[in-house]
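Please look over the sequence and the model below before reading on.

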Amino acid sequence: MLGEELMEAIIEGRIDDTPDITRALLDDAVSPKEIMDKYMIPAMQVVGEKFEEQEYFVPEVLVAAHAMQASLALVEPLLAQSDERPTGKVVIGTVKGDLHEIGKNIVAMMLQGAGFQVNNLGVDVSSEAFVAAVEEIDADILGMSSLLTTAMRSMQDTIDMLLEAGIRERIKVIVGGAAITPEFARRIGADVYCEDANEAVKVARELCS
Ligand code: B12
């Protein structure tokens with residue numbers, strides 16, 4: 001079955017195969033929403049579980065996420081044309097002064113795989129840029145990543161700026177990255193700390209349900 005083939009290709013990270021299988025599914029009149037909900041999201045869930053069980057490590061997660069993105073690139077424009085609404089809207093980035101992006105990108109891709117509209121701002125993102133992006137797309141969730149103890153303090157500045165802009169109440173702030181602890185997240189007034197991408201997806205789903 002083509003759908004199962006797509007799942008397998010994503011889980012195995014076969015980036016050359018996922019676009020062809022996705023096209024074949026669309027040619028068979030399978031709706032973009034169904035491709036996403038029945039095959040892409042469950043496939044990324046399997047990848048997340050394999051990561052949790054330490055059967056997969058970062059390289060496997062990244063290739064799977066790229067294979068998923070190659071499929072998403074075909075499905076996303078069609079979804080945008082239809083009335084299907086994303087699970088929620090997320091702005092994500094690595095904080096100012098920090099150039100580590102691998103973990104943040106995994107979180108972004110897993111959220112995309114789970115049906116979220118994700119605006120990934122990249123690395124070295126200023127508080128101003130975070131707040132502007134949140135306002136621009138009217139995001140439900142702001143995700144900030146930091147792996148450097150020297151850079152993580154700027155998360156506090158961003159949260160303060162959200163307060164000043166009067167939009168802190170209507171956005172959930174989730175933070176993560178090797179430098180961050182649950183205690184730090186509490187201290188700066190973030191809503192949630194997540195240890196890994198799988199937890200981030202679970203939490204984001206709960207926050208937007
Ligand atoms: C790869 C790496 C680099 C690469 C980054 C490449 C890239 N394009 O990202 C390079 C070589 C560029 C680099 C540079 C530096 N690095 Co470096 N780097 C690492 C290393 C080895 C791995 C990081 C990584 O990718 N891990 C794999 C990913 C999957 O894990 P993760 O990022 O933790 O992400 C997971 C979770 O944390 C969570 N998560 C992450 N972000 C988010 C965000 C949200 C919203 C949520 C919910 C969850 C979440 O989910 C992710 C997936 O499950 C770490 C060591 C380590 N153990 O972390 C050091 C490390 C982070 N680096 C360190 C340092 C010091 C540096 C440099 C200053 C070195 C130097 N002297 O030049 C520079 C800083 C450059 C800068 N300004 O940022 C230190 C930081 C120490 C500290 N406490 O501040 C570490 C801890 C190494 C060490 N033990 O000393 N680094």
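In which loop does Asp-124 lie? In this predicted model, Asp-124 is found in the loop between β2 (117-120) and α6 (127-137). Its phi is near 55°, a positive value in a residue other than glycine. Asp-124 counts as partly exposed because it has 15 C-beta neighbours inside 10 Å.

Gln-54 also has a positive phi, near 60°, and is a residue other than glycine. Gln-54 sits in the loop between α3 and α4. With 7 C-beta neighbours inside 10 Å, Gln-54 falls under the limit of 12 or fewer and therefore counts as exposed.

According to the domain assignment, the protein has domain 1 (2-81) and domain 2 (89-208). The C-alpha centres of domain 1 and domain 2 are 24 Å apart. In the contact between them, 14 residues of domain 1 meet eleven residues of domain 2. On the domain 1 side, α3 (32-52) and α4 (58-81) each supply at least two of the touching residues. This side of domain 1 consists of eleven nonpolar residues, two polar and one charged.

The ligand has 29 residues around it, and those that come nearest are Gly-103, Gly-143, Ser-145, Gly-176 and Asp-196. At least two residues of the shell come from each of α5 (102-113), β3 (141-145), β4 (172-176) and α9 (197-208). The element that gives the most is α5, with five residues. Sorted by class, the shell around the ligand holds 16 nonpolar, nine polar and four charged residues.

Key. Residues numbered from 1 in each chain as written. Predicted model: local features only at pLDDT ≥ 70, side-chain atom pairs only at ≥ 80, totals over all residues. Near = placed C-beta within 6 Å. Helix = DSSP H or I, 4+ residues; strand = E, 2+ residues; numbered from the N terminus. Nonpolar A, V, L, I, M, F, W, Y, C, P; charged D, E, K, R; others polar. Domains from an automatic or database assignment. Contact = placed C-beta atoms within 7 Å. Buried ≥ 20, exposed ≤ 12 C-beta atoms within 10 Å, placed from the backbone.
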